[in-house]
Amino acid sequence: MDTSFVEELASAAPTPGGGGASAYCGALACALTSMVGNLTVGKKTYAQVESEVYMRLEKLADLRGRLLSLVGADAEAFGPLAAAYRMPKDTPEQLAAKQAAIQDALVGATEVPLDIMRTAAACVEHADFLARNGSRMARSDAGVSVAFARAAVDGASLNVYINAASIDDAERAARYRDEADRFVAQTREHCDEVFAFVKDAIS
């Protein structure tokens, strides 16, 4: 097993951090949902949903790939922000340049976790379908996948909130917070619903 990401996460390095971990958690949610789908196709019992499952497997592969790319994107977005905070501020010109650079970098550092939230949330609908229509032997894995998806969205939201709090443009910051609030509320509700369904179905 390649544990390099976990080892990097555990180190004193500032990246990867919570955003990258959230993206990775979302990728795991997509992978688990895909596993349920792959255990469903080719079985006579589920022949009526096979074409639908194949379509969802393609979409899940795209989501998984996107989330894995966002692990790196989150670290890359942090770089300019860290560099901006290190800029000198000895003169009024330097201070103005530093503040402008920070504001610029905060946009990217906020939009990446929003993308993580958006992408991880998209996994839940597929997990819902497969929990209800996929292999009953793997139903518990569909429940685990929505638990991971919820964690990914919740985790990434904290990066949105902390960065939005430092954005001077109040209207932009409010838009970011509002979007994060919507994703958190909608994803939690959907994940809790699927999780409860799975728990009742397997108990």
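In this predicted model, R175 counts as partly exposed, at 46% relative accessibility, and its side chain meets that of E171 in a salt bridge, with 3.7 Å from N to O. E171 is exposed, because its relative accessible area of 58% lies over the 50% cut-off. Both residues belong to helix α6, where they stand 4 residues apart and are therefore separated by about one helical turn.

D115 is buried, with a relative accessible area of 15%, whereas R118 is partly exposed, with 36%. These two residues also take part in a network of salt bridges that links them with R66 and E179.

R132 and E193 form a salt bridge as well, and this pair links distant parts of the chain, since R132 lies in helix α4 and E193 in helix α6, 61 residues apart. R132 is partly exposed at 35%, and E193 is partly exposed at 43%.

| Salt bridge | Closest N and O atoms |
|---|---|
| D115 and R118 | 3.7 Å |
| R132 and E193 | 3.5 Å |

Turning to open space, the largest pocket holds about 240 Å³. It is lined by 14 residues, of which G19, D74, F78, N159 and N163 are the closest to its centre. Helices α2, α3, α4 and α5 each give two or more residues to this lining, and α3 gives the most, with 4 residues. The lining divides into 7 nonpolar, 6 polar and 1 charged residue.

Key. Residues are numbered from 1 along each chain as its sequence is written. This is a predicted model: local features need pLDDT of at least 70, side-chain atom pairs count only at pLDDT 80 or more; totals for chains, interfaces and linings use all residues. Side-chain values use heavy atoms; hydrogens and water are left out. On a 1 Å grid over the protein atoms alone, a cavity is a set of points where a 1.4 Å probe fits but cannot get out, and a pocket is an open set with protein on both sides within 12 Å along at least five of seven lines; lining residues have an atom within 4 Å of a point. Grid points are joined across faces, edges and corners, and a volume is the space filled by probe spheres set on the points. Ala, Val, Leu, Ile, Met, Phe, Trp, Tyr, Cys and Pro count as nonpolar, Asp, Glu, Lys and Arg as charged, and the others, Gly among them, as polar. A salt bridge is a side-chain nitrogen of Lys or Arg within 4 Å of a carboxyl oxygen of Asp or Glu. Buried means under 20% relative accessible area, exposed over 50%, partly exposed in between (1.4 Å probe, protein chains only).
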